[in-house]
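Keep the picture handy and look up each residue as we get to it.

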Amino acid sequence: MDSMDKMWLSFYAIGFMVLASVLITFARAKTKGVIRFIISFVAVFILICSFFLGLISII
């Protein structure tokens, strides 16, 4: 993989991490019940995806 591709992949991973933290903050502050669980689950899934993108960009 080219170094520029790795750079862009790491930027995507950072962006996904920011998105996951915003979703978790929103879910905890503004929602209740099932909606809170769904938003939190989506945020955790995005965080796991960003972890793997970051790991791929290192390798």
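Val 22 sits in helix H1, which covers residues 3-30. Helices here are DSSP runs of H or I with at least four residues, strands are runs of E with at least two, and the numbering goes from the N terminus. In total, the protein chain has two helices and zero strands.

Before going on, a note on where this comes from: this is a predicted model, so local features need pLDDT of at least 70 and side-chain atom pairs count only at pLDDT 80 or more, while totals for chains, interfaces and linings use all residues. Residues are numbered from 1 along each chain as its sequence is written, and side-chain values use heavy atoms, with hydrogens and water left out.

## A greasy surface patch

Val 22 is also part of a nonpolar patch on the surface, together with Met 4, Trp 8, Phe 11, Tyr 12, Ile 14, Phe 16, Val 18 and Leu 19. Together these residues have about 890 Å² of accessible area. Areas like this come from the Shrake-Rupley method with a 1.4 Å probe, and for residues only the protein chains shown count as cover. To join a patch, a residue needs over 30% relative accessible area and no salt bridge; nonpolar side chains (Val, Leu, Ile, Met, Phe, Trp, Tyr) are joined within 5 Å, and like charges within 9 Å. A salt bridge, in turn, is a side-chain nitrogen of Lys or Arg within 4 Å of a carboxyl oxygen of Asp or Glu.

The scale is simple: buried is under 20% relative accessible area, exposed is over 50%, and partly exposed is in between (1.4 Å probe, protein chains only). Ile 14 and Thr 31 are 17 residues apart in sequence, and their C-alpha atoms are 25 Å apart in space.

Where does Ser 50 belong? It is found in helix H2, and with 1% relative accessibility Ser 50 is buried. Setting aside neighbours within four places in sequence, Ser 50 is in contact with Ala 13, Phe 16 and Met 17. Contact here means heavy atoms within 4.5 Å.

Gly 54 is in helix H2 too, and it counts as buried because its relative accessibility is 16%. Gly 54 and Leu 9 are 45 residues apart along the chain, yet their C-alpha atoms are separated by 7.1 Å. From Phe 45 to Ala 20 it's 25 residues in sequence and 8.4 Å in space, C-alpha to C-alpha.

Ile 38 has its place in helix H2 as well, and at 44% relative accessibility it is partly exposed. Ile 38 and Cys 49 are eleven residues apart along the chain, with 17 Å between their C-alpha atoms.

## Rings in pairs

How many aromatic pairs does the structure hold? There are three. Phe 37 and Phe 41 make a stacked one, 6.3 Å centre to centre with 25 degrees between the planes. For the cut-offs: rings of Phe, Tyr and Trp (its six-membered ring) pair if their centres lie within 6.5 Å, and planes under 30 degrees apart are stacked, over 60 edge-to-face, and the rest tilted. Phe 37 and Phe 41 are four residues apart in helix H2 (residues 33-58), so about one helical turn separates them. Both of these residues, Phe 37 and Phe 41, are exposed.

Phe 51 and Phe 52 form an edge-to-face pair, 5.3 Å centre to centre and 65 degrees between the planes. Phe 51 is partly exposed at 48% relative accessible area, and Phe 52 is partly exposed at 46%.

## The whole chain

Now step back. The C-alpha atoms fill a box of roughly 45 × 15 × 10 Å along the principal axes. The chain's radius of gyration is 14 Å, whereas a compact globule of 59 residues would have one near 10 Å. That radius is taken over C-alpha atoms, and the globule rule is 2.2 Å times the number of residues to the power 0.38.

Of the 59 residues, 20% count as buried. The chain exposes about 4,600 Å², and carbon and sulfur atoms supply 79% of that. Among contacts between residues at least 6 apart in sequence, 59% join residues at least 24 apart.
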